[in-house]
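Colleague: I would like to learn how to read a model of this kind, feature by feature, with the general idea before each case. Could we begin with the packing of helices?

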Amino acid sequence: MKIGYAQFAPVLGDLDENLRAIDRLAPAFTEADLVVLPELASSGYRFASPEEARAAAEPLGESRFVDHLARTARERNVHLVAGLPERDGGDLYNTAVLVGPEGLAGSYRKIHLFSDEPDLFRPGDRPPRVFPVGDVKVGILVCFDWVFPEVWRALALQGADVVCHPSNLVLPDLAQRAVPVHALVNGFYVVTANRVGTERDLTFTGGSVIAGPRGEVL
């Protein structure tokens with residue numbers, strides 16, 4: 001399996017522009033079997049209010065973002081992992097989806113919310129799990145989950161080969177140092193796809209990383 005990431009700067013609240021950004025990156029996806037995009041890649045991150053977050057959120061079953069990823073996956077024969085704000089009834093979740101040529105193949109709702117994210121989102125209500133991509137077992141975590149070894153171990157105990165980690169990291173070089181350790185102690189590969197740019201009072205640190213099961217940065 002060839003694995004990659006797409007590091008870019010989503011535009012806050014502008015789904016159309018973010019879809020165009022993914023389209024600009026998409027020609028390179030053909031070289032990979034699995035590509036990971038950042039957390040909240042559909043929407044940007046630094047919402048000023050719950051109302052602003054809700055305006056950007058979509059139900060997974062009626063999501064322009066997921067549909068666009070599915071078309072891209074079919075055109076490029078690739079699986080994609082990317083984040084979006086998910087609306088489920090009256091609740092919002094910081095969610096990452098796995099999308100392949102056949103459409104939505106899995107999702108994960110971020111359990112460990114960072115800073116003031118609880119003002120916008122509910123914590124994930126489902127344990128992390130693995131999803132098959134061919135013969136490979138793929139798990140998903142999101143951003144601040146990196147701090148908590150239990151969720152990484154939960155995926156290892158399910159036989160994960162690769163953990164996709166869409167992120168909007170703002171703490172300089174902490175997760176980037178921890179991710180190879182999680183890969184080492186759990187014996188799997190990790191793909192951390194971080195974003196770049198500045199939104200309101202936050203600057204994102206980039207430094208996306210792919211780490212292997214010997215703790216090496218690949």
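Modeller: Helices (H or I, at least four residues) and strands (E, at least two) are DSSP runs numbered from the N terminus, and axes are lines fitted to C-alpha atoms, for helices over the stretch in contact, with angles from 0 to 180 degrees between N-to-C directions. Here helix α1 (residues 15-25) packs against helix α3 (residues 64-76) at an angle of about 15°, and the two axes lie 11 Å apart. Before we go on, note that this is a predicted model, in which local features need pLDDT of at least 70 and side-chain atom pairs count only at pLDDT 80 or more, whereas totals for chains, interfaces and linings use all residues. Residues are numbered from 1 along each chain as its sequence is written, and side-chain values use heavy atoms, with hydrogens and water left out.

Colleague: How are α1 and α3 oriented to each other, roughly parallel or roughly antiparallel?

Modeller: Angles under 35 degrees count as roughly parallel, over 145 as roughly antiparallel, 65 to 115 as roughly perpendicular, and the rest as oblique; α1 and α3 are therefore roughly parallel to each other. A crossing is left-handed if the near helix is turned anticlockwise from the far one by less than a right angle, and right-handed if clockwise, and α1 passes α3 in a right-handed crossing. With contact taken as heavy atoms within 4.5 Å, α1 contributes L15, D16, L19, I22 and D23, while α3 contributes R64, F65, H68, L69 and T72.

Colleague: What is the order of strands in the open sheet?

Modeller: Two strands pair if DSSP finds at least two bridges between them, and the five strands of this open sheet follow the order β1-β2-β3-β4-β5, with mixed pairing. Its edge strands, β1 (3-5) and β5 (103-109), each pair on one side only, and neighbouring strands are turned by 35° against each other on average, direction ignored.

Colleague: Which residue has a positive phi of about 50° although it is not a glycine?

Modeller: That residue is S115, in the loop between β5 and β6 (130-133). Buried means under 20% relative accessible area, exposed over 50%, and partly exposed in between (1.4 Å probe, protein chains only), so S115, at 58%, is exposed. C143 also has a positive phi, of about 40°, and is not a glycine; C143 lies in the loop between β7 (136-140) and α4 (149-157) and, at 6% relative accessibility, counts as buried.
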